[in-house]
Amino acid sequence: MAEPLTVALPKGRLIEDALGFLARAGYAVPANGDGGRKLVLDGADGRLRYIMVKPADVPVFVEYGAADVGIAGLDVIREAERDVYEPLLLPFGRCRLVVAGRGDRPDLPLRLERSPRVATKFPRLTEAFFRKRGVAAELIVMAGSVELAPLVGLADLIVDLVQTGVTLRENGLVELRTILESQAMLIANRASYRLRAGVVRELIDGLAGVVRGT
Amino acid sequence: MSDRTLSADRPLPEGVRDLLFADAAAFRAMTAALQATWLGWGYREISLPTFEYADTLATDVGAAVDAEMYRFFDRHGRTLALRPDMTIPTARVVGTRLYDQPMPLRLAYVGSVFRYEPPRAGRQHEFTQAGVELIGAAGALADAESVALAVGALQAVGLPDFRITVGHVGFFRGLLAALNLPERTTARLRVAVDRKAEAELAQLLGEILGLPPLARNAVLTLPRLMGDARVLAEAEAICLNTTMMQALSDLAAVAGLLVAHGVAERVAYDLSEVRDLDYYTGITFEGFAPGLGFNLVSGGRYDELIGHFGPPLAAVGWALTLDRVLLARELQGISHEEPRCDVLLSARDCPACLRWAAQARARGLRVELDPLGLAPDALWQAAQARGIPRAAHHTDPQTLTVRDAAGARAIAAEDWQEVAAWLNR
């Protein structure tokens, strides 16, 4: 039997859906999914090997070829800006990357901001968004709890992921602009896409079939 | 010894590295193998300056490479740059100095190139490229020679598993011409095809009104046009104009010649390759190895470049990144042994030793001298610590006491048959 195809999966909110889609495409998936502590798991049918990594690391594993393919949110893929193929969008993990500010912020277009301090976990996308509008934003890169920053005067604005908007509202923040509509995506290593074209194509078409059926 | 960490005091700039011992030896060996390979095809080596006027090097390279160039000033305030690749300086030499030489010209080079780019696997800001350019010859025979030589080069550097994918800029250019989309849509289409983003392509087509079904089908089929030479026949079904047909017939001719070159099983075809669409004018190709998501070798036909420097001349060529080949070999379990000495010879207060060493070297032996005057046991330990399989010292000018894993014994120093017998044991 040939080596299994290695799939990098993001630990966290996308994992259940990702495993569900792979199972419906006919691949054996690990039973306890994200629950276990093992980071490398073999599918029982020997077709796929799963590696469980932090979401933001999925594009890195795939670009370097440590994984042949991976599933990650478009948000982390665009932020990582890695050289990978993007053969398939998957209909889960939908969220928006938005610019938000305090509800009592003066009603001023973003392009007229002088040099707003912007807290975010997405420095590259944030920087690109503001630079495109000619605004010299001062980035405050954070690892978590970005919503807190405007409340305590650390930042004027935030750029963060929003699913329902409840967290923002509860913290007195309002959405000002959407930077990116995100959802899960299948990505592939450029060499694997060519050297293992048959099995990669099978996976793309299998998942595409499931997507069409949803 | 002080236990102070010295390395913290002298950091290296980002993007450069030292190659030590086995790695340096591997680079040297790969370079020698490449030189032997291209000499076998009649390529002649040139050595080019590391820096030139920035304007020259920025010719026709595209915005991405332009932004990655290392620029600096000379004493007159003119802007210089470190070469970001070898093809531009080669084109400059041909266009300004070699244009009236008998054609075709076959040129080859090895050297460092410099780019400010995010360090990626097997590529720093300074990395080593080896490449060839076949100049003054258009057509399938020249294209196929370049691809076959790329296969030969990757085999020569000892890479067991790799594949070269060949495409043609005419196919996608023809498709874009047939679609006749607004500039912005074209740019989005190009990005989507570059990323093989099938869903995005479908979405994009949904936004374009009034596109004929044939054109729509051509775009959606494009990312699947990858595989062995049969895809060239499959692709005929989606051709929308003569530009696309011409690209396919060019590729079919190259594919036939690659079978004759005996390299067909190393080659695949990829019609959705749209990288460097503005630079290349005909076939393009990239070499990949398992486990490395970056190309090892990249090349194609660029008939318009030399015309920027002199009379226009057809050209096809490729460059290979040695740093990446080294990495790909490691991933495939190929290690490179550093060449080691045959004998560690005690040389303190011993003119006879130096004479013996000179004679031995003249016979092709590698002899390292011990200048410290180590006692026999310490000498043998020192040899083992350096990976040298034998130690020797003169007990008198005619007698050599030799030591290896099998033990110690005395042999006549000038009896080269006996010495050879000992070495080959």
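**Entry 1: terms and ground rules**

I count two residues as in contact if their C-beta atoms, placed from the backbone, lie within 7 Å. Helices (H or I, at least four residues) and strands (E, at least two) are DSSP runs, and I number them from the N terminus. I am working on a predicted model, in which local features need pLDDT of at least 70 and side-chain atom pairs count only at pLDDT 80 or more, while totals for chains, interfaces and linings use all residues. Residues are numbered from 1 along each chain as its sequence is written, and chains are lettered from A and ligands numbered from 1 in the order in which they are written.

**Entry 2: a covered helix in chain B**

I looked up helix α4 (residues 87-98) of chain B and found that nine of its twelve residues are buried, where buried means that 20 or more other C-beta atoms lie within 10 Å of a residue's own, exposed means 12 or fewer, and partly exposed lies in between. Among the buried residues are Thr87(B), Ile88(B), Arg92(B) and Gly95(B). Which elements do the buried residues of α4(B) pack against? I noted β2 (51-53), α2 (54-57), β5 (105-114), β6 (126-135) and β12 (315-321) of chain B.

**Entry 3: chain B as a whole**

In chain B I find 15 helices and 17 strands, and 38% of its 425 residues count as buried. I compared the radius of gyration (taken over C-alpha atoms, with a globule rule of 2.2 Å times the number of residues to the power 0.38): chain B has 28 Å, whereas a compact globule of 425 residues would have a value near 22 Å. Along the principal axes, the C-alpha atoms of chain B fill a box of roughly 95 × 55 × 50 Å.

**Entry 4: a sheet in chain B**

I traced an open sheet of five strands in chain B, in the order β14-β13-β15-β16-β17 with mixed pairing; two strands pair if DSSP finds at least two bridges between them. At the edges I find β14 (367-370) and β17 (407-412) of chain B, each of which pairs on one side only. The twist from one strand to the next averages 30°, with axes fitted as lines to C-alpha atoms (for helices over the stretch in contact) and angles running from 0 to 180 degrees between N-to-C directions.

Strand β16 (residues 399-404) of chain B runs antiparallel to β17(B) and is joined to it by six bridges. What is the bridge partner of Thr399(B) in β17(B)? I found Ala412(B) there.

I also checked the helices: α13 (residues 351-362) of chain B lies across β13 (343-346), β14 and β15 (391-396) of chain B, at about 165° to β14(B). Helix α14 (residues 376-385) of chain B packs on the sheet as well, touching β13, β14, β15 and β16 of chain B, and its direction makes about 155° with that of β15(B).

**Entry 5: chain A and its domains**

For chain A I counted eight helices and nine strands, and 41% of its 214 residues are buried. The domain assignment, whose bounds come from an automatic or database source, gives domain 1 (5-94 + 182-213) and domain 2 (95-181) of chain A. The centres of these two domains, taken over C-alpha atoms, are separated by 30 Å. How many residues of domain 1 of chain A are in contact with domain 2 of chain A? I noted eight, which meet nine residues of domain 2. On the side of domain 1 of chain A that touches domain 2 of chain A, α3(A) gives the largest share, four residues.
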